[in-house]
Amino acid sequence: MCGIVGYLGDRQAFDILIKGLHRLEYRGYDSAGVALVNDDGNLNVYKTKGKVKNLEEYCKDKNISGTVGIAHTRWATHGEPNDKNAHPHYSQSKNLAIIHNGIIENYLSLKTFLINKGYEFKSETDTEVVVQLIEYVMQEQKCDLYKAVHQALSQVVGAYAIGVVERNNPNLLIAARKASPLIVGVGENEYFLASDASPIIEYTNKVIYLNDEEVVKIERNQEIEIRNLKSVKLQPTIKELSLNLDDIEKGGFDHFMLKEIFEQPKSLALCMNGRLNKELNEIKLSAITDYYEKFEKCKRIVITACGTSWHAGLIGKYLFESLCRIPVEVEVASEFRYRNPVILPDDILIAISQSGETADTLAAMELAKKQGAFVFGICNVVGSSVARMTDTGVYTHAGPEIGVASTKAFTTQVAVLVMTALAVAKKLNTITEEDYHRIVKELSVIETKIEEILKQVDTIKDISKIFTYAKNFIYLGRGFNYPVAMEGALKLKEISYIHAEGYPAAEMKHGPIALIDEEMPIVVVAPHYAMYQKILSNVQEVKARKGRIIAIVSQGDEDIKKNADYTIEIPSTEECLSPLLTVIPLQLLSYYIAVAKGRDVDQPRNLAKSVTVE
Ligand code: G6P
């Protein structure tokens, strides 16, 4: 949700900033802008509606010199996506420029205060208020920019990651964060600033993850200085990134989403590496070995997340209840955080997040933590806020996920949930040795089964072309595959803009059945498990109403084939692992429908990869 980049060093900043914006474009692409301070002391701001490539075009005939600068790609919150609401924003005197990711909640009262002091506003954004306030503090208190940023941010309520530059000061870049991610890259005589590591990794693997309410002063040829909002000096901790450049490039695929779908065998292998012992058929999760007694004592688990991660959480419910016999509640974080939920003393809260920065998920965790719950995190981005806030947690190690529609993050989240549930079940003796080893063995070969499904890509592509006409889709599933139906529907909505609903198959007759006619495609997730006969009846109910059926079935299933218009086969596996397979054809189906409709798959309209605001 908005990407920010900054640079100060010996090189010209513009190209570094633009490249960085391209890498962060998954976070928002409503508008883009850049501010550069050049050696003559000029502070030039260029910004325009639309994607980063529009900004590049716009800047072609502009003076883009400068070795210090900041840049922004926006996902609009306050004010529509247009040139004037694009970042960077100047202060009144045009001596300062700011970029911001987050939301300033008290911006209206601050704006009124500043208007009364004679300040004029050019945009409808909350961000402009911050830069004006910083300037006001500088003028009132006759202090420097670093101090003014501290003072101004002390009056701000909300979330921010900001970068600020100053006219006539090509040697200074100030940044700060609270509840929005911000990383400082430390190179040779140069510093970088970014919302995540992807714009930095090309230049240095040394980074500092800023903490909440920290303000950093980056000065040419100086060590960086970090202070908290109370002006207490802090010792920066430099960490090493393990990211590769290849991880964040398309690698010959047309879209990041397709690359990430095809990466799933590898990302699952990485996720299970060192955790699943193939020789002993055992799971060892160091994150929980010291905490088994929490699972022994707890009377229930609460899982909270948003979007695709929430769907993984729904599968988690089936896993923990069936394998560990622990009751589980799953709730979207935005509801959980505001409804004054009952949190019991021994509750375990599992928070799931790809980015580790989703504002609602973080708030839900904070609430649960305050009320004494043990917080267990599952996230992908190393060093993210979720990772830092948990009592313990497991990284999914899926590698960077750049396509806005989540794919490999989902399957690795499910894999972590499976491994956790199996490890806990073994400890709690709620699973037999035989079942445990059989499921672990199956999990250890799941990658090869995904590879088999991926080989059917051409069949899925052909099916996709047939359904580009559709305005609506229904996805049906039962048990472990009910959340998969919801996830399939979400994927389609996100990238093709076709309305789709995921439903528990038997619930169809209580409403959605009214929608079925010869135009309506129904995707049925129907692998051969306990509920198979029931779902077969649901398929017949659809067929009787002339719906067009695409069925995801177990290899060799002849019964559903008689009723379905199209079938996609998945290899056999344990039922509790089946979501790892059934979701793959649904990801491909939505991808190819979106491509056939000419959609912008990696950057679908109105969406952002990481929603760091409410
Ligand atoms: C956004 C993304 C989704 C993602 C959701 C939760 O809506 O577009 O793909 O599932 O946020 O994100 P998280 O990073 O917390 O998993």
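Leaving out neighbours within four places in sequence, Leu476 is in contact (heavy atoms within 4.5 Å) with Ala485, Tyr503, Ala505, Met508, Ile522, Val523, Val524, Val525 and Val542. Leu476 sits in strand β23, residues 472-477; helices (H or I, at least four residues) and strands (E, at least two) are DSSP runs, numbered from the N terminus. With a relative accessible area of 0%, Leu476 is buried. Here buried means under 20% relative accessible area, exposed means over 50%, and partly exposed is what lies in between, using a 1.4 Å probe and protein chains only.

The model is a predicted one, so to speak of local features takes a pLDDT of at least 70 and side-chain atom pairs count only at pLDDT 80 or more, while totals for chains, interfaces and linings use all residues. Residues are numbered from 1 along each chain as its sequence is written, and side-chain values use heavy atoms, with hydrogens and water left out.One of the contacts of Leu476 is Val525, which belongs to strand β25, residues 521-526. Val525 is buried too, at a relative accessible area of 1%. Setting aside neighbours within four places in sequence, Val525 touches Leu476, Gly477, Asn481, Val484, Ala485, Ile535, Ile552, Thr582 and Leu586. Take Ala485: it is 40 residues from Val525 along the chain, yet the two C-alpha atoms are separated by 6.7 Å.

Next come two helices. In helix α17 (residues 457-466), the buried residues include Val457, Ile460, Ile463 and Ser464. Looking down the axis of α17, these buried residues fall within an arc of 125°, so they line one face of the helix; the arc is that of the directions from the helix axis to the C-beta atoms. Among the elements that cover the buried residues of α17 are α6 (256-262), α16 (446-454), β26 (548-554), β27 (566-570) and α21 (579-596).

Helix α7 (residues 264-272) has Gln264, Pro265, Ser267, Leu268, Cys271 and Met272 as its buried residues. They cover an arc of only 165° around the axis, which puts them on the same side of α7. Packed against these residues are α6, β16 (276-277), α14 (408-428), α15 (433-444), α16 and α21. After α7 comes Gly274, with a positive phi near 80°.

Now for the ligand. It is surrounded by 14 residues, and the closest are Ser309, Ser353, Gln354, Ser355 and Thr358; a residue is near a molecule if one of its heavy atoms lies within 4 Å of it. By type, the shell divides into four nonpolar, eight polar and two charged residues. In this sorting, Ala, Val, Leu, Ile, Met, Phe, Trp, Tyr, Cys and Pro count as nonpolar, Asp, Glu, Lys and Arg as charged, and the others, Gly among them, as polar. Helix α10 (residues 307-324) gives the most to the shell, with three residues.

A polar side-chain atom of Ser353 lies 2.6 Å from a ligand oxygen, a polar backbone atom of Thr308 is 3.0 Å from a ligand oxygen, and a backbone N or O atom of Val404 is 3.3 Å from one. The protein covers 91% of the 390 Å² of accessible area that the ligand has on its own, with areas taken from the Shrake-Rupley method and a 1.4 Å probe.

Within the protein, Asn101 in strand β6 (residues 96-104) is buried, at 0% relative accessibility. Its side chain makes a polar contact with the side chain of Arg27, at 3.3 Å. A polar contact is a pair of N or O atoms within 3.5 Å; within protein, one must be able to donate a hydrogen and the other to accept it, and residues adjacent in sequence count only if both atoms are side-chain atoms.

Finally, a few spots in the backbone stand out. Most residues other than glycine have a negative phi, and most peptide bonds are trans. His87 and Pro88, however, are joined by a cis peptide bond, with omega about 0°, and Pro88 is in the loop between β4 (68-74) and β5 (89-90). Asn189 is not a glycine but has a positive phi of about 55°; it is found in the loop between β9 (183-186) and β10 (191-194). Asn606, also a residue other than glycine, has a positive phi near 65°. This Asn606 lies in the segment after α21 and counts as exposed, at 58% relative accessibility.
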